[in-house]
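I opened this file to look up a few things and write them down in order. The entries below follow that order.

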Amino acid sequence: MCSSSCENLGKHCHKLRHLNLENCSAITDRAMKYIGEGCPLLTYLNISWCDNVQDRGVQHLLTHCPNLETLILRGCEGVGSNFRKITENSATLANRTSLR
């Protein structure tokens, strides 16, 4: 799966709630933007080991997916520890999103 596939998901799968992109090395912040904007009902997303996802892409998801309850980030080297601390310590995000 690549950014263009995620663009299609965002354009055509507006009711998507569960998405597992684990080990998809072609997934980038741009892909996260497409998914975030096009799939606002998303409640579960696994992007473990997606090495090209950075803080900006995760922030975009958290901003545009208000129903996101579970976000799995194992092995996402591009997502900084400072970003993880901020999101884990945010009362709003802690109450609605499980970061793993």
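Is H2 mostly covered or mostly uncovered? I found H2 mostly covered, with seven of its ten residues buried. I take buried as under 20% relative accessible area, exposed as over 50%, and partly exposed as in between (1.4 Å probe, protein chains only). Helices (H or I, at least four residues) and strands (E, at least two) are DSSP runs, numbered from the N terminus.

**Entry 1: ground rules.** I am working with a predicted model, in which local features need pLDDT of at least 70, side-chain atom pairs count only at pLDDT 80 or more, and totals for chains, interfaces and linings use all residues. Residues are numbered from 1 along each chain as its sequence is written, and side-chain values use heavy atoms, with hydrogens and water left out.

**Entry 2: confidence.** I looked up pLDDT, the predictor's confidence in each residue, from 0 to 100. The protein chain averages 82, and 77% of the residues score at least 70. Confidence is lowest in helix H5 (residues 91–96), with a mean of 54, and highest in strand E1 (residues 18–20), at 95.

**Entry 3: the chain as a whole.** I noted five helices and four strands, in the pattern α-β-α-β-α-β-α-α-β along the sequence. Of the 100 residues in the protein chain, 44% are buried. I then looked up contacts, meaning heavy atoms within 4.5 Å. Among those in the protein chain with a separation of 6 or more, 76% are between residues 24 or more positions apart. The chain exposes about 5,300 Å², of which carbon and sulfur atoms supply 48%; these areas come from the Shrake-Rupley method with a 1.4 Å probe, and for residues only the protein chains shown count as cover.

**Entry 4: H2.** I listed the buried residues of H2 as Asp-29, Ala-31, Met-32, Tyr-34, Ile-35, Gly-36 and Gly-38. Thr-28 caps the N-terminal end of H2, with a side-chain oxygen 3.3 Å from the backbone nitrogen of Arg-30. The polar contact rule here is a pair of N or O atoms within 3.5 Å; within protein, one must be able to donate a hydrogen and the other to accept it, and residues adjacent in sequence count only if both atoms are side-chain atoms.

**Entry 5: the core.** Which residues touch the most other members of the largest nonpolar core? I got Leu-21, Ile-27, Met-32, Ile-35, Leu-45 and Ile-47, out of 25 residues in that core. Helix H1 (3–12), helix H2 (29–38) and helix H3 (55–64) each supply at least two residues of this core. A nonpolar core is a set of buried Ala, Val, Leu, Ile, Met, Phe, Trp, Tyr and Cys residues joined through side-chain atoms within 4.5 Å.

Met-32 is in contact with Leu-21, Ile-27, Leu-45, Ile-47, Val-53, Gly-57, His-60 and Leu-61. Ile-35 touches Cys-6, Leu-19, Leu-21, Leu-42 and Leu-61. Ile-35 counts as buried because its relative accessibility is 0%.

**Entry 6: the loop between E2 and H3.** Beyond four places in sequence, Ser-48 touches Leu-21, Glu-22, Asn-23, Ile-72, Leu-73, Arg-74 and Cys-76. Trp-49 is in the loop between E2 and H3, is partly exposed at 42% relative accessibility, and has a positive phi of about 65° although it is not a glycine. Asn-23, in the loop between E1 and H2, also has a positive phi, near 65°; Asn-23 is exposed at 53%.

**Entry 7: cysteines.** Cys-50 sits in the loop between strand E2 (44–46) and H3 and is buried, with a relative accessible area of 0%. Leaving aside neighbours within four places, Cys-50 is in contact with Leu-21, Asn-23, Cys-24, Ile-27 and Cys-76. The C-alpha atoms of Cys-50 and Cys-76 are 5.7 Å apart, at 26 residues in sequence.

How many disulfides are there? I counted zero, taking a disulfide as a pair of cysteine sulfur atoms within 2.5 Å. Cys-50 is in none, and its nearest cysteine sulfur, that of Cys-24, is 5.5 Å away. The sulfur of Cys-76 is too far for a bond, because the closest cysteine sulfur, in Cys-50, is 5.7 Å away. Cys-76 is buried, at 3% relative accessibility.
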